[in-house]
Every structure is written in structure tokens, then in C-alpha cells.
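Student: I've got a model open and want a quick tour. Can you take me through it?

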Amino acid sequence: MRELMKEYQMSWQDILQVVFGSFLLALAFQIFLLPNEIISGGVSSLSIIIYNLTNLPPIITQYAFNIPLLILSFSLLGKDVGVKSFIGSLVFPFFTGLISGLPVLTEDLLLASIFGGVLTGIGVGIVYRGKGSTGGTSTVAQLISKYTNMSLGNSVLFADGIIIAIGFFVFNMEAIMYGMITLTVASRVIDIVLVGAGVQKTIFIITDQTEAIRTDILDKFDRGVTLFDARGGFNNDPKEMMMVVIEEREITALREMIIEKDEDAFVIVMAASEVMGRGFSLEKYFPVN
């Protein structure tokens, strides 16, 4: 086991994160999604459909699909993908059965879809941070992508879309619509767990007052500035372009400072999906002493 962990760069902390994240996923499934029949894709949603039709416990359905998919993952996608899916694929159904007796937390479909999405997003985010996966339709999507010309994103949509389509015939459109709410909430929470809740913006500035603005950014905002050589497209004049990454809440103050220094400055504001470095998300993973 130790050699396997070393080969695939998984620590005990990674394994604990995969196990804990899988528990949160099972918790969201049992107290929010299953009792309210919310369908959002994946093997867990398939187990809800089969449970509704046959009264077969979800743990049996999940193992019945996850174990063969895990074998396919090892044989067709390689050991690297298989190892990352191994723990989550087995632990998630186990927890689903273990806590099956928990009471329903709410029967309000909107509350169930929102809080189910929050808890699902936290669980998936923690599993991802542990370098793991819960297998299921993500393995199916990888197989489709490998043996067809379909992109991985479209493969995921295709695999989950089939399950959602089945759910539409078993339940109704309302269940699918609440499932979409769950998916949307979960995807946003996953981003927060992985990269943090802060929203950063990348600012590009072209100005004749480069030194004055650069000094103010360093002194007043305590942010680093990167300078690029640029050239004007109209008259081919050499210019300098600055790049700085700041928090969204700082944009107004930065804009006012730039206008004060140069009313003719050219400014571009872009979203930064993840920023790693001193003062941003890197310190969460590598604390600065």
C-alpha cells in the first residue's frame, strides 16, 4: 500500500480527504437527494431511479456499476486513473449504506436541491483536493472520450444526460429542474473548495504614467506588478504595459487611482479563475513562515 501511494503521489492526508469527501457525498445523497428524488446525473442518481422502480437499496446499484467501471478503468484507462478512482468508488457506496437510516432533513424540494448541492460540492471538492475520484459516470466519460472524437466535457454531458433522460421518464420535469439547481450550486461550491471564495481580476494597463501608477500599486495595494514591452498598433510607438492581479473589491479604488494619474490610460479587466502566489491561494497550500 505504501509503495502504491508513493508511486502515485498519494499521501495519507490525500486518502483521508477522499474518504471524508465521500462521506459528505453520501450524507448529501441520504438526507437531501434520495428522499426528495432529485436527479442530477451520475451513478447516485441512477441508484435513485432504480430504487424508485424496484425498491433495490442504492448501495447495491452503486456497487453493481462502480466495481465493473473500476475494473474497466484499470484495464482501459491505465493504473494512474484506476488508483485515483479506487478508494472513492468503494467508500462512497459503503457510506451510503452505512447512514441509510438517517432521517430526512427537509421535504422542501428547493431547500433540498440547494443544500444538497452545497454538501455535494464540498464533498466533491475535498475528494478532488485529495487527488481522487468517486468513479461512476466520470469513468464512463473518460472511456467515451478515449475511444471517440468527443471531448471530455461533452462526454460527461452525454453520460450524465442519459441518466437525466431516464429520470425524466421515471419522475417528471420538475425533478430534473431541481437537479439542475443542485448541479449549479455544487459546481460553484467545488470551485470555492478548490481555489477559494475570493474573486480575483487581472488588470492590464497601458499608460504614459507607468512609473507613477506602478509605485502607487506597490505602495497602496501591496500587489506585485509585471511590466511588458508593447507597441502601439496605430503609430508603432513603443509602450510599456502593466499587469496586476487584485481582489474584485479593490477594482474601484484602483480605477480611481489610474484616472487620477492618467485620464487617457487604456485599461483591460479580466477574470482570473485561479491565482497562486504570495497574497493569493498559494499560501493555502504552502504557508509562508
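Tutor: Start with the aromatics. In this predicted model, Phe23, Phe94 and Phe95 make up one aromatic cluster.

Student: How many aromatic pairs turn up in the whole structure?

Tutor: Three. One of them joins phenylalanine 23 and phenylalanine 95, with ring centres 5.3 Å apart and planes at 80°. Over 60 degrees counts as edge-to-face, so that is what this pair is.

Student: Where do phenylalanine 23 and phenylalanine 95 lie?

Tutor: Phenylalanine 23 is in helix H2 (residues 12-33), phenylalanine 95 in helix H5 (residues 79-98). The pair therefore ties together parts 72 residues apart in sequence.

Student: And what about phenylalanine 94 with phenylalanine 95?

Tutor: That aromatic pair is tilted: 5.6 Å centre to centre, 55° between the planes.

Student: Is phenylalanine 95 buried or exposed?

Tutor: Buried, at 13% relative accessible area. Phenylalanine 23 is partly exposed at 26%, and phenylalanine 94 is partly exposed at 43%.

Student: New topic. Which residues make the nonpolar surface patch?

Tutor: Leu110, Leu111, Ile114 and Phe115, covering about 330 Å². Isoleucine 114 sits in helix H6 (residues 109-129). Its relative accessibility is 31%, so isoleucine 114 counts as partly exposed.

Student: Which element has the lowest mean pLDDT?

Tutor: Helix H12 (residues 282-285), at 42. Helix H3 (residues 42-54) has the highest, 92. Across residues 282-289 the pLDDT is below 50, and this stretch has twelve contacts in the model beyond near neighbours in sequence.

Student: What's the mean pLDDT of the protein?

Tutor: It is 82, with 86% of residues reaching 70 or more.

Conventions:
Residues numbered from 1 in each chain as written. Predicted model: local features only at pLDDT ≥ 70, side-chain atom pairs only at ≥ 80, totals over all residues. Heavy atoms only, no water. Patch = residues over 30% accessible without salt bridge, like charges linked within 9 Å, V, L, I, M, F, W, Y side chains within 5 Å. Areas by Shrake-Rupley, 256 points an atom, 1.4 Å probe, with all protein chains shown as cover. Salt bridge = Lys/Arg side-chain N within 4 Å of Asp/Glu carboxyl O. Helix = DSSP H or I, 4+ residues; strand = E, 2+ residues; numbered from the N terminus. Buried < 20%, exposed > 50% of the residue type's maximum accessible area, 1.4 Å probe, protein only. pLDDT = per-residue confidence, 0-100. Contact = heavy atoms within 4.5 Å. Phe/Tyr/Trp six-rings, centres within 6.5 Å; stacked < 30°, edge-to-face > 60°.
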